Amino acid sequence: MNELKKLEYYQNYQDIEKCFLKTKINTLPLCAAENLISPFVKIPLSSDYQERYIMNGLHSYDPLNNFIGSTFLFDIYHLINLQCTKLFGSIYADARTLSGMNCVTSLLMSITENGDKIMVSDSQCGGHQSMKNVCERLGLIIFNMPFDFENYSIDYDETYQILKKENINYFLYAPSDIINPPNYSKLKLPENTVFLYDASQTLGLIAGNQLDNPLITIDNSIVFGGTHKTLPEPANGLIMTCSKEWALKIDSNISPKYIRHTQMHQVVSLLYALFEMEIFGVEYSKKIINYAQELGLELRKREFDIPFIGNQATYTHQIFIKTSEKLMNTIYSNAFKYNITLNKKVKKLFDIHGIRLGTQEIARLKWDYSPIKEIANIIDSLKDNQKDTLTLMDQLNIPREIEFTFKTEAT
């Protein structure tokens, strides 16, 4: 330890760590893209799996042309597949990709050809802003997905007409901002079009049976995404399908073509998170959406411009607040000052300026009471610099115990 203290930048790191931990203890987590990982799910992160190699996947694995000892890692892949069949109804699940973006790039490289046509959800309607860049770099011909801004949904009729007229191979729906999930009974696809759904934001809500699952209703579909939002797991990628054809193509192409070393400790951690979701997923997902709907209603009572779909502010974990540019910057600046995590948005979906909130992390905390009215008061206090945000934050008394998990001593 004395030798460690001699390292030039070790003390700098220690200072950063102390400040980070102190800040997180006093943070109100309302960012729609982050979550808490339980001590149970963290167990594999310190395991020996990380340093071990395996090539290929479920269908392409050959133990005699692989790393010695990789059979154990193959067994983990098999368990991931079985667990995803339970939670998502998939016949194939692949957890080799390293993050949400690595997931989509690896998937598209594995299944598309240069010159293929693809419809993509644009960032102005809530689509992930990196998707077009990836598609362009892969030489795909891009069409914008029609969007119904009044109802915050896909324009189903116009989408079908363009897909059919242009003979488009793939429909990539990748919502980063989403309060109205797809209605699959309205989503018609031509026979040759594959539906690619980036469910990074909603994987946990689908696993918890609170949102419809396209794998069940759309034959030619692939669901994929990052696993660290409503599915509380370290950043990893997950790809699932019910198509044997696409399963074989994905399985044989991803590794060893595009990925050589998978982060196996995170793959096992994902498996642990899927165990959590099997037991606690329904209750947890219901709480996420209930909190979001209640918060949207409370904010509207405080004269925030909260778009509603029917009689609800949202059907996911997200809440939108439409603002002026000045109000957006004021709210964000004060949130930064008082350690309240949220996102500011500049896009048509928010009528140009707005704030996005998420409830998946506060729903993971073990509150003794519903904190929604108090949280609404805190957000209301961010509208100007006169109200005492700090006092409201102190009164909130944010818990640090995590719900919807197994006790670690039981493992």
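In this predicted model, Glu374, Ile375, Asn377, Ile378 and Ser381 of helix H13 meet Thr389, Leu392, Met393, Gln395 and Leu396 of helix H14, where contact means heavy atoms within 4.5 Å. The model is predicted, so that local features need pLDDT of at least 70 and side-chain atom pairs count only at pLDDT 80 or more, while totals for chains, interfaces and linings use all residues. Residues are numbered from 1 along each chain as its sequence is written, and side-chain values use heavy atoms, with hydrogens and water left out.

**Helices H13 and H14**

- The axes of H13 (residues 372–381) and H14 (residues 389–396) come within 9 Å and cross at roughly 165°, with axes fitted to C-alpha atoms, for helices over the stretch in contact, and angles running from 0 to 180 degrees between N-to-C directions.
- That crossing angle makes H13 roughly antiparallel to H14, a term that applies to angles over 145 degrees.

**The three-stranded sheet**

- An open sheet of three strands has the order E11-E14-E13, with antiparallel pairing; helices (H or I, at least four residues) and strands (E, at least two) are DSSP runs, numbered from the N terminus, and two strands pair if DSSP finds at least two bridges between them.
- Strands E11 (318–322) and E13 (343–347) stand at the edges with a single partner strand each, so one side of each is left without a neighbour in the sheet.
- Neighbouring strands of this sheet are turned by 30° against each other on average, direction ignored.
- Helix H11 (residues 264–301) packs on the sheet and touches both E11 and E14, its direction making about 20° with that of E11.

**Strand E11 and its partner**

- E11 pairs with E14 (residues 352–358) in the antiparallel sense over five bridges, with Gln318 opposite Gly358 and Lys322 bridged to Gly354.
- Both faces of E11 are covered, since Gln318, Phe320 and Lys322 on one side and Ile319 and Ile321 on the other are all buried, which means under 20% relative accessible area.

**Lys347 in strand E13**

- Lys347 has its place in E13 and is buried, with a relative accessible area of 10%.
- Leaving aside neighbours within four places in sequence, Lys347 is in contact with Ser123, Gln124, Gly126, Gly127, Asp177, Ile352 and His353.

Key: Parallel < 35°, antiparallel > 145°, perpendicular 65-115°, else oblique. Buried < 20%, exposed > 50% of the residue type's maximum accessible area, 1.4 Å probe, protein only.
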